Amino acid sequence: MTTTMTTTTGDDGAVPEATRENDDEIKTRVIITGGGGFLGQYLAREILSERGRNGRLRCGSHPNARVIEVILADIVEPTESSFPDLESIARDGGVALRFVTGDVSDVDYCRSILLSGGVDGVRDGTTPHPAAVDVDVGLSIFHLGAVMSGAPPDLALKVNLHGTMNMLEAARAWQEKMSSTSSRSLSSSSSSISRPTFIFSSAGATIGAGHDADWVDHHDTISDSTRASPHTTYGTTKACAELLLADYSRRGYCDGRGVRLPTVIVRAGLPNAATTSCYSSVVREPLSGKDVVLPIGPNVLHAVTGCRSAISGMLAVHDAMPDDVDRILGYDRTVFLPARPVSLGMLAEATMRVVTRDSAARGMLGEITYDVDEVISGIVGSFPTRVDSSRAMALGAPFVPTVDDIVREYCEDFPHALAEGVVLRAKGGEDDEDSSMPPTPPPAAAAAIMMIEPNVDRVVALITGGGSGIGRATAIRLAGGGWGGSDGKGNNSDGKALRVGLVLVGRRPGPLEETKMLCVDGSSDDVGIDVLTISADVTNEDDVKRIMDLVVAHFARVDLLFNNAGVNIAPTSVEDVESADFIRVIDTNVTACWRMAKGVMRIMSAQTPRGGRIINNGSISAYTPRPFSAPYTASKHAVLGLTKCIALDGRRSNITCGQIDFGNVNSAMTRAVGGSAYSMSAGMPQANGTIAPEPCFSVEDAANAVFAMAALPLGANVLSMTVMASHMPFVGRG
């Protein structure tokens, strides 16, 4: 073991005078493993600074003990501190701040920092530091030291598992020494502080997802009771350590409390080795004026928390009184801290909102590009993002701030990390630019980002098949507002026009972006618009769940679903239809329609105000089919029944559902039916066996029909509407 130490004690090595005042006051020591890392330093500063705990922590049953010493323990001392003022804060508060280097996989090192204060030359803990065995001085251990998920498995076992065992054994040795000493002491406080508090930093990696046999998947809500099933050695070591923590607590060796940290953002300094470090890089690098290439797609949601909320949560769990912890946690001593699901795209948008438009327009921000690693993106995308943190919050852990506030907190905590000229927008205020000047277009870094403000009153429509045809025309029509809201005309209860939110879903990103630009161009300046595009396959259940997650994360509500996605095959007689073709049509036109309605109904049922409208794209084929159209006709007949069921089942949640049966809309689908040579202009099969051209009507007229339905108040519903080309062969006998 190699042990080195730096200190902010006096020049003679003595503890500062302030720590020896008021001998009757309860005092405590703090040891932070991983203390050289970003979170370790952040924690130490929060404990010592006036903005934070001002050098006060719970110790045993004493809620306000004075911290007299903080030891930062790590494998190496950082060459550059994340908080240059840390030493001066400790000195001004009369707190001895020590940095002791060593390896937690070395049992002697662990005993040394607990039992001797890490004093240089003391290796086995047999020559104690005076404060280390004082019966009136307690001990809090924050065990953050670990190697990240990308480390070799053997190293993870050595550091994360055996290192935690060594720290727990050292805590046990301290407890036993304190107990034997306090039994000979007349101090009334000694018995209540003889058990050290041991805060263990765990992770969500204890729970695995992504395999078909896993207990949970990406869309489930996980909690403290979710069964551990790690997919990595890193997660395995954390799960084992949680069990050890509970056992050592049960046996009275320490007061153990574990916190499962979500990904903590935005970390200052260089990226760490974690797979998800890009969730900090997407904010940190552009704000510093550096370009960044991200390996994970912009819409992949991941559970995160801010630095302040992570540290506040950790300290809240630490400071909860022992009786409350025993009552709430019992023998299961580890809790999930609160988390918020965000995507890289959401963080990029928030960054653009937090800085002034002038900062963005002048090219001061670095450019964001994506070079997606599908393997990494898939792994991160498989992680659950919904977390039930009720036990942690019962102990006092705070809620996670908004995405904008997470970015803002980073800017406020690390102003020196921002590029020269980057200015924060006043919170809740307007830009500091001349309002008489026209807005400047955003830089290349944000050209593809539609900045979606949180907590804005909107009316939100979700459109499948939004990249072309009726879907595109409907999106453009809805972009101008005048639909939904309390009156069905796009206004809130005060008569003020609601901003429009559009969610465009389709397989191909390019056409979706084209639709988005057309919607922005066609929107009303009086209303305003936000557009989210999602490339997804609505026949894939996981994709549909991802769509719902993104909608909730960006808009927190849905007022209208237009179930528009659909496919057809070339005209084929029943006996010649391939099974795969039949299934593909049913999956797209029926099953996907049901899945989208299911997801949206859950959102509509929970939102405020409650309710919404679903419009299904039907067809006159449902009751008057063409020859050779069995798959398509069967699918649209099924949609007719599904529409009625949704209308019935949605009543209790104020959800209405109707269907528009279109006939001969001039779209890509009718210009080459099923990719065949058949089209409305060239000719379609007729009931008398002939092939004849048929009249069509425009997608814009079809969109007007959707708008007419959407513009009704929820108290009125059109269950079924037929919209057709006026002279098509449908009414009568041809």
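Predicted model: local features only at pLDDT ≥ 70, side-chain atom pairs only at ≥ 80, totals over all residues.
Biologist: How is the aromatic pair of Tyr-42 and Phe-83 arranged?

Modeller: The search of the whole structure finds seven aromatic pairs, and one of them joins Tyr-42 and Phe-83. The ring centres of Tyr-42 and Phe-83 lie 5.2 Å apart, and 85° separates their planes. Since planes over 60 degrees apart fall in that class, the pair of Tyr-42 and Phe-83 is edge-to-face.

Biologist: How many residues apart are Tyr-42 and Phe-83?

Modeller: Tyr-42 belongs to helix α1, residues 38-48, whereas Phe-83 is in the loop between β4 (62-74) and α2 (86-92).

Biologist: Is the pair of Phe-83 and Phe-414 stacked, tilted or edge-to-face?

Modeller: The centres of the Phe-83 and Phe-414 rings are 5.5 Å apart, with the planes at 45°. Stacked needs under 30 degrees and edge-to-face over 60, so the pair of Phe-83 and Phe-414 is tilted.

Biologist: Which ring has the charged end of Arg-477 over it?

Modeller: A charged end over a ring is found for Arg-251, which sits over Tyr-248 at 5.7 Å from the ring centre. For Arg-477, the charged end is 3.7 Å from the centre of the ring, and that ring belongs to Phe-707.

How values were computed: Residues numbered from 1 in each chain as written. Heavy atoms only, no water. Phe/Tyr/Trp six-rings, centres within 6.5 Å; stacked < 30°, edge-to-face > 60°. Helix = DSSP H or I, 4+ residues; strand = E, 2+ residues; numbered from the N terminus. Lys NZ or Arg CZ within 6 Å of the ring centre and 35° of its normal.
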